[in-house]
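User: I have a model open and want to learn how to read its features one by one. Can you walk me through it?

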Amino acid sequence: MTKPCILCCAITGSVPRKSDNPAVPITVSEQIESSHAAVEAGASIIHAHVRMDDGTPTSDPDKFALLKEGLEKHCPGVIIQFSTGGRSGAGAERGGMLPLRPDMASLSVGSNNFPTRVYENPPELIDWLSSEMIKYEITPEIEAFDMSHILHAIKRSEAGLLFGKLYVQFVMGVKNAMPCDKEIFDFYVHTMQTRAPDAEWCAAGIGANQIVVNEWAIAAGGHTRAGLEDNVRLDKDTLAPSNAALIQRAADLCAKYDRPVATPAQAREILGLKAA
């Protein structure tokens, strides 16, 4: 298999804190430093949330602007992907950073249960976020938490309601949502290959499932995501020392399956993004 594999680094998220792992980058400067090391290890996409300095999740556009400026300076060419996830804000607040025109932004196209809450993505919000991404020419990464999300993303793309090339990420291992199950994974890959053959797909595993899903995705010819947002450990006894360490594990799997790790320029070409 010669197709380059895109490695996305989810650097922070909205949930893990310093008390879970001191390596979780909270401040903008920490995020930039952590991202730089992850890019050196092979990441070509930085999936970014922002926090207040006390660790509280936020969708503050000013913080996103500072992060974008720092990533462009210290990680030139890297694909910048902002999160519009529901843990960091509510309603239109979740898309308040889109006028900054990142290369990509996450987009959930359906609701589901999380362990202690409903992850709400009502149709009117999905429509608005999608239209803002079209307005600012931002390619969405569809975060699919179950089969209906995959099918709905394909339908929206075919109807011209998503900007750019369709890119779907299977998020596996969230309790009450899509389980980490190889049969299900294989069916999702088959669905993408038969119903959206020109699209690209990737997969992310939560917690101990991260390295498992990394390997499934790389072996199957897709792309994958790693990082402290999804998993703070190397194993049950060892905290991950950095985002770069988790990306390096995925890069090592690429070598195992004779897949080159995509450079940011190659990732941009694969995803149909404009050159840096």
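**Reading helices, strands and loops**

Analyst: Start with helix α6, whose buried residues are Gln210, Val213, Asn214, Trp216, Ala217 and Ile218. Buried means under 20% relative accessible area, exposed over 50%, and partly exposed in between, with a 1.4 Å probe and protein chains only. Helices (H or I, at least four residues) and strands (E, at least two) are DSSP runs, numbered from the N terminus. This is a predicted model: local features need pLDDT of at least 70, side-chain atom pairs count only at pLDDT 80 or more, and totals for chains, interfaces and linings use all residues. Residues are numbered from 1 along each chain as its sequence is written, and side-chain values use heavy atoms, with hydrogens and water left out.

User: What covers the buried residues of α6?

Analyst: Look for contacts, meaning heavy atoms within 4.5 Å. For α6, the cover includes β10, α5, β11, β12 and α7. Just after α6, glycine 221 has a positive phi of about 90 degrees.

User: How do I read a strand? Which way do the residues of β11 point?

Analyst: Check burial, then direction. In β11 (residues 200-205), 6 of 6 residues are buried. Glu200, Cys202 and Ala204 point one way, and Trp201, Ala203 and Gly205 the other.

User: Which strands pair with β11?

Analyst: Two strands pair if DSSP finds at least two bridges between them. β10 (residues 167-172) pairs with β11 in the parallel sense over 6 bridges. There, tyrosine 167 has glutamate 200 as its bridge partner. The chain gets from β10 to β11 through helix α5 (residues 182-195), in a right-handed β-α-β crossover. Right-handed means that, with the strands pointing away from the viewer, the path from the first strand over the helix to the second runs clockwise. β12 (residues 223-226) also runs parallel to β11, joined by 2 bridges. Alanine 203 stands opposite threonine 224 of β12. From β11 to β12 the chain passes through α6 (residues 209-219), and this β-α-β crossover is right-handed.

User: How many Å should α5 span?

Analyst: The expected span is 1.5 Å times one less than the number of residues. For the 14 residues of α5 that gives 20 Å, and the end C-alpha atoms are 20 Å apart, which agrees.

User: Which residues of α5 are buried?

Analyst: Phe185, Tyr188, Val189, Thr191 and Met192. Down the axis of α5, they fall within an arc of 155 degrees, so they line one face of the helix. The arc is taken over the directions from the helix axis to the C-beta atoms. This buried set packs against α4 (147-158), β10, β11 and α6. On the other side, Glu183 and Arg195 are exposed.

User: Where does the side chain of aspartate 181 reach at the start of α5?

Analyst: Look for a polar contact: a pair of N or O atoms within 3.5 Å; within protein, one must be able to donate a hydrogen and the other to accept it, and residues adjacent in sequence count only if both atoms are side-chain atoms. Here a side-chain oxygen of aspartate 181 comes within 2.9 Å of the backbone nitrogen of glutamate 183.

User: Now loops. Is glutamate 229 buried or exposed?

Analyst: Glutamate 229 is buried, at 18% relative accessible area. It sits in the loop between β12 and β13 (233-235). Leaving aside neighbours within four places in sequence, its contacts include His47 and His49.
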